Amino acid sequence: MNSNFVLDEFQKNAIDSARKGFSVIVSAPTGAGKTLIAEYIIEDCIRNREGIIYTAPVKALSNQKFRDFSRKYPKNVGIVTGDVSINPSAPIIIMTTEIFRNAILISPQRFNDKKWVIFDEIHYLDDIERGTVWEETIILLPEHMHILALSATLPNIDEFIKWLNSVHRHPIKKIVEQNRPVPLDLRYQCSNTIFNTHKELKESGLMDKRSLRALREAHIKPNKLNTLMAHLQSKELTPCIYFSFSRRRCETLAYELHGLNLLSKEEKKEIVHLFNNLINIFNVANDPHINLLFPLVKQGIGYHHAGILPALKEVIERLFTTGLLKLIFTTETFALGVNMPAKTVIFDTLYKYYGRTSHYLKTRDFYQMAGRAGRRGIDTRGYVYTRINPYNINMDNLDKIIYGSYEPITSQLRSCYATILNLYKLMKEKLYEIYPRSFHFQQSERLQKKEALDLLKRKVSLLEYMKYIVNSEISAKAELSARVYSFELQIGELYDTGILNSLNELSLFILMCALVYEPRKGEKKPRFTNRIKKMRKELKNFTKYIHKAEKKFRIYPLSKRFSFNITEAARAWYEGADFYKLHRFCWADEGEIVRYFRMAIQVLKEVRTSYIVEPALKSRINKCIKRINRDVIDAERQLREDII
Ligand SMILES: Nc1ncnc2c1ncn2[C@@H]1O[C@H](COP(=O)(O)OP(=O)(O)OP(=O)(O)O)[C@@H](O)[C@H]1O
Ligand SMILES: [Mg+2]
């Protein structure tokens, strides 16, 4: 191992256990050094000529690992995600968990030479949208594979391991580390005053005003960002990650600091040079954000969120890791595992949108983000500042977040049609026997168990009713649906009705964009051409038919409707337009356009893998992808450039 670190006890234990043949579950705080365990195991595998799969929940994390591991183990690393496939036969493969799950369902023999799977951030099993993928992957894991699971937040690790023991072939070792190598100081800004401890804040009395009237009479001052920044500067507490949960707010806050300078003359020169280099390497010099970002970057400030181009996000990340960017305003995706620590973390608010509703941060999420503060080997402490507005939060709410126990992870099992079709193919009616093997089954009450099994049965009934399963066999359209892990019924019907086969390259792209695009609430519809009007009408009836069946079998949420709001942007892109002109044609931010186009490409690629698809359609899909997967949309290009 080329690291000079003296291993911590928990790292040593984890590595020893792995070497003795155990599967290993590690729960250790953010920044404790879980990656090092993974690296030891990877090196063992390389030495012993055994393969290893590394899965991560977000692309930023898999990209970073690809970059890091490629540097450490040149020629040994590949990456396969929805939109990227580089070196897929390498011994170390980085995958998104979705792709790994799909692959073990369809061709588990592909992994005969892979001894390990690493699940980084395994608590994603709890994610309401995607958690089911982790659970299915563990249930379906090829028997010879060992698991290394890593997480900063696994409070019910015993319960989790009990379940693992029931589905996993190898003995399991639990490794728990409670201590953070760099302890955290929690501080607050309230009524525009800095409080260095929780006690000070409590004693100020600002937080016990319950009625609106009492709040008004307390003459609470608004928190000023400048006050906080002046404090941080005087205490030399940069670099700093500022978490805000809204993209727009990330930008407006950054502009609010117009005129604040966080860099010396030398640093300024250096960052301008680096910035110019990076935007050229990543081909984003023409991005309109550059003009907005440049003056900020010169001050040592940046922002980062899902609305900006992935390539530009990487530029900002690079600037931050060099230490020249002193303050970054970002949404929470920056919190997850990507090794970009800072001295200080700031919370704009403790209130956040959680997929379906907004509520106070979970204790688990607070510490996942707060844990970015304090760099091992550089800082002796990490600092966490929370900006408090007593109108929005009281002491009880705050205490619950800060002192509450971590929320246990709970199963979110909810298999999609494609998974069910693939399982049905493998085991027919025996597929119901899978359910008792799930974490969901272990965690649920009797009634919930019955409901979950009922839902699974209703899904199979729907698939029979819609002729995806006919006489206990998978039908032709189902062969296709089983390959696309979202929008299965839409794709199946598009194929079955002959629509898919009738489309030319441009229409294929337009239709896929309509399939993946999710308009914002109240988003204005653009004007449609007559052809699109006709297509919309045809597809409306078609969605109605799917929804009717889903309602009949009480399967919710219903399959997604088509939305043609980015059609004109898709058309322009197909016809060769400059990426930066696309915003004229739709409401989506650049980052979103990239995401939707890449999703459309992914669905096309999935369709292409089915043997049921005729060669003529395959060839149109290929031509279409070739045309649209260029420039900033091409995710592979970004990664290849990145490892230079
Ligand atoms: N034994 C060690 N001694 C000193 N530094 C170490 C040691 N192990 C790891 N580190 C350093 O600690 C830092 C954090 O490590 P790492 O990214 O692995 O954290 P993590 O536990 O995966 O956190 P997260 O939950 O945020 O993903 C890295 O910079 C790493 O080099
Ligand atoms: Mg990590």
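Me: How many Å lie between an oxygen atom of ligand 1 and an N or O atom in the side chain of K34?
Reply: The distance from that oxygen atom of ligand 1 to the N or O atom in the K34 side chain is 2.7 Å. A polar contact is a pair of N or O atoms within 3.5 Å; within protein, one must be able to donate a hydrogen and the other to accept it, and residues adjacent in sequence count only if both atoms are side-chain atoms. Please keep in mind that this is a predicted model, in which local features need pLDDT of at least 70 and side-chain atom pairs count only at pLDDT 80 or more, while totals for chains, interfaces and linings use all residues. Residues are numbered from 1 along each chain as its sequence is written, chains are lettered from A and ligands numbered from 1 in the order in which they are written, and side-chain values use heavy atoms, with hydrogens and water left out.

Me: OK, and which residues around ligand 1 come nearest?
Reply: There are 19 residues around ligand 1, and Q11, G31, K34, T35 and R372 come nearest, where a residue counts as near if one of its heavy atoms lies within 4 Å of the molecule. For Q11, a polar side-chain atom lies 2.9 Å from a nitrogen atom of ligand 1, whereas for A32 a backbone N or O atom lies 3.3 Å from an oxygen atom of the ligand.

Me: Switching topic, what domains does the chain have?
Reply: The assignment gives domain 1 (9-176), domain 2 (184-403), domain 3 (413-457) and domain 4 (475-641), with bounds that come from an automatic or database domain assignment.

Me: How far apart are the centres of domain 2 and domain 4?
Reply: Taken over C-alpha atoms, the centres of domain 2 and domain 4 are 37 Å apart. Their contact (heavy atoms within 4.5 Å) takes 17 residues from domain 2 and twelve residues from domain 4.

Me: And what area is buried between domain 2 and domain 4?
Reply: About 1200 Å² is buried between domain 2 and domain 4, and carbon and sulfur atoms give 49% of that. Buried area here is the accessible area (1.4 Å probe) that two parts lose on being put together, summed over both. On the domain 2 side, N283, L309 and P310 supply 33% of the area buried against domain 4, more than any other three residues.

Me: How many salt bridges are there between domain 2 and domain 4?
Reply: The count is three salt bridges between domain 2 and domain 4, each being a side-chain nitrogen of Lys or Arg within 4 Å of a carboxyl oxygen of Asp or Glu. E592 and R247 also form a salt bridge, with their closest N and O atoms 3.4 Å apart.

Me: Which elements give two or more residues to the side of domain 2 that touches domain 4?
Reply: Those elements are α10 (247-256), α12 (288-299) and α13 (310-322), and the largest share, three residues, comes from α13. Helices (H or I, at least four residues) and strands (E, at least two) are DSSP runs, numbered from the N terminus.

Me: How many salt bridges does the structure hold?
Reply: The structure holds 36 salt bridges. One of them joins the side chains of D126 and K362 at 4.0 Å, N to O, and these two residues are 236 residues apart, with D126 in the loop between β6 (114-120) and α5 (131-140) and K362 in the loop between β16 (357-360) and α14 (363-370).

Me: Last one, where is the proline P239 found, and what kind of peptide bond joins T238 and P239?
Reply: P239 is found in the loop between α9 (225-234) and β11 (240-243), and the bond that joins T238 and P239 is cis, with omega about 0 degrees. The peptide bond from Y556 to P557 is cis as well, with omega near -10 degrees. Most peptide bonds are trans.
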